[in-house]
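Open the model in your viewer and keep the sequence panel beside it. The stops below say what to select next and what is there.

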Amino acid sequence: MKFVQRINALFFMVLLLGFSQYALAEPGLWKVEKNGVTSYLFGTVHVGDNSMKGLPSKVTKALDNSDKVIVEVDISAISPMEMQRRSLPFMMLKNGKTLQSELSPENYAKLQKYFADKSIDIAMFKNLAPWAVMVTMMQMEFQSVGFSDQYGIDKQVLAYAQEHKISVGELETLERQMEMFEHLAIMNDKMIEETFDQLADVDTYFFGLIKAWKSGDMKTLTQFYNESFDDSQYGQLSEQVMLIDRNNDWVNQLSTRIGKEKLFIAVGALHLPEQHGLLKQLTDKGFTVTRI
């Protein structure tokens with residue numbers, strides 16, 4: 001559970017699986033009000049399948065009532081070539097380091113076997129940082145079961161905004177997101193180990209989380225959050241880097257605008273719950289937060 005939720009909050013690509021049928025309930029959407037001005041807060045997931053095509057009507061109504069959409073990073077404004085140019089400096093190892101030098105012999109051997117079983121030579125990844133290899137693995141697994149970012153909720157929100165000429169803003173840059181992986185580099189082995197754990201049990205680590213999102217089940221999402229960010233060194237570091245620091249920064253940005261502008265704020269669902277989540281922080285700052 002741990003890896004998936006941490007990365008869900010971070011990476012601009014697709015690091016959560018959806019499953020095949022909608023639940024009867026809908027994803028959680030909140031009004032955030034002050035001074036008679038309403039904004040909206042929507043927790044998203046970043047990948048899906050064809051069954052997830054189309055935003056719920058309550059979400060499109062909220063978008064129609066907003067003057068600006070705010071996302072983590074506006075990937076719709078970045079071309080594939082530009083994305084590659086800006087990403088590669090973070091993905092490539094430096095100073096003579098290699099993928100093999102950054103991992104234990106045991107974990108490197110597991111990676112070597114994983115790629116060999118797919119008829120891929122691990123030498124292709126020799127100079128990639130372990131987190132970049134990890135993301136590659138996850139994308140391969142998503143694609144193999146029919147999921148992509150095309151049906152991710154973030155991308156659909158951006159497409160709706162573009163179609164209806166709603167301006168878009170972002171909370172951080174692509175570079176800011178990728179820099180966070182560097183803070184986790186001291187735990188490369190743990191990251192790879194957890195990736196293999198989750199790939200071995202997709203039903204537990206992916207489908208359960210996305211089911212909770214689709215049904216708007218905040219109790220289960222909160223449970224996943226607490227299981228993810230446990231008291232281990234990796235759990236605490238990941239929570240601080242991936243969620244707490246970012247949430248604090250976002251609240252500082254948003255609290256000066258909510259109540260003055262009509263915003264539709266769409267961020268990864270794991271940014272919402274618990275004491276450092278956006279829901280509590282905005283409430284503590286005096287905004288009226290009401291679930292729709």
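Is Ser 119 buried or exposed? Select Ser 119: this residue is exposed, with a relative accessible area of 71%. Buried means under 20% relative accessible area, exposed over 50%, and partly exposed in between, computed with a 1.4 Å probe on protein chains only.

Before going on, note that this is a predicted model, in which local features need pLDDT of at least 70 and side-chain atom pairs count only at pLDDT 80 or more, while totals for chains, interfaces and linings use all residues. Residues are numbered from 1 along each chain as its sequence is written, and side-chain values use heavy atoms, with hydrogens and water left out.

**Two loop residues**

Stay on Ser 119, in the loop between α5 (105-116) and α6. Helices (H or I, at least four residues) and strands (E, at least two) are DSSP runs, numbered from the N terminus. The phi angle of Ser 119 is near 60°, a positive value in a residue other than glycine.

Next select Lys 165, in the loop between α7 (153-163) and β4. Phi is near 55° for Lys 165, again a positive value in a residue other than glycine. Lys 165 is exposed, at 76% relative accessible area.

**Salt bridges**

Side chains of opposite charge can pair when their charged atoms come close. A salt bridge here is a side-chain nitrogen of Lys or Arg within 4 Å of a carboxyl oxygen of Asp or Glu. The count by this rule is 8 salt bridges.

Select Arg 85 and Glu 82, which form a salt bridge with their closest N and O atoms 2.7 Å apart. The two residues are 3 apart in helix α3 (residues 80-91), which means that about one helical turn separates them. Arg 85 is exposed, with a relative accessible area of 52%, whereas Glu 82 is partly exposed at 28%.

Now select Arg 86 and Glu 175, whose side chains meet in a salt bridge (2.7 Å, N to O). Arg 86 lies in helix α3 and Glu 175 in helix α8, so this pair ties together parts that are 89 residues apart in sequence. Glu 175 is partly exposed, at 22% relative accessibility.

Asp 117 and Lys 113 are another pair to select: their side chains meet in a salt bridge at 2.9 Å, N to O. Both residues, Asp 117 and Lys 113, are exposed.

Which residues of α8 are buried? Select Leu 174, Gln 177, Met 178, Met 180 and Phe 181, which are buried in this helix. They cover an arc of only 135° around the axis, so they are on the same side of α8. The arc is that of the directions from the helix axis to the C-beta atoms.

Move to Thr 195 in helix α9. Thr 195 is buried, with a relative accessible area of 0%. A polar atom of the Thr 195 side chain lies 2.9 Å from the backbone oxygen of Met 191.

**A pocket and a cavity**

Rolling a probe the size of a water molecule over the atoms shows where empty space is left. On a 1 Å grid over the protein atoms alone, a cavity is a set of points where a 1.4 Å probe fits but cannot get out, and a pocket is an open set with protein on both sides within 12 Å along at least five of seven lines; lining residues have an atom within 4 Å of a point. Grid points are joined across faces, edges and corners, and a volume is the space filled by probe spheres set on the points.

The second largest pocket has a volume of about 250 Å³. Of its 16 lining residues, select the closest to the centre: Leu 93, Lys 97, Ala 129, Glu 182 and Ala 185. At least two lining residues come from each of α6 (130-144), α8 (174-183) and α9 (188-199).

How many cavities of 30 Å³ or more does the structure hold? There are 2. The second largest cavity contains about 60 Å³ of space. Select some of its lining, including Trp 30, Trp 213, Met 218 and Arg 291.

Methods
A polar contact is a pair of N or O atoms within 3.5 Å; within protein, one must be able to donate a hydrogen and the other to accept it, and residues adjacent in sequence count only if both atoms are side-chain atoms.
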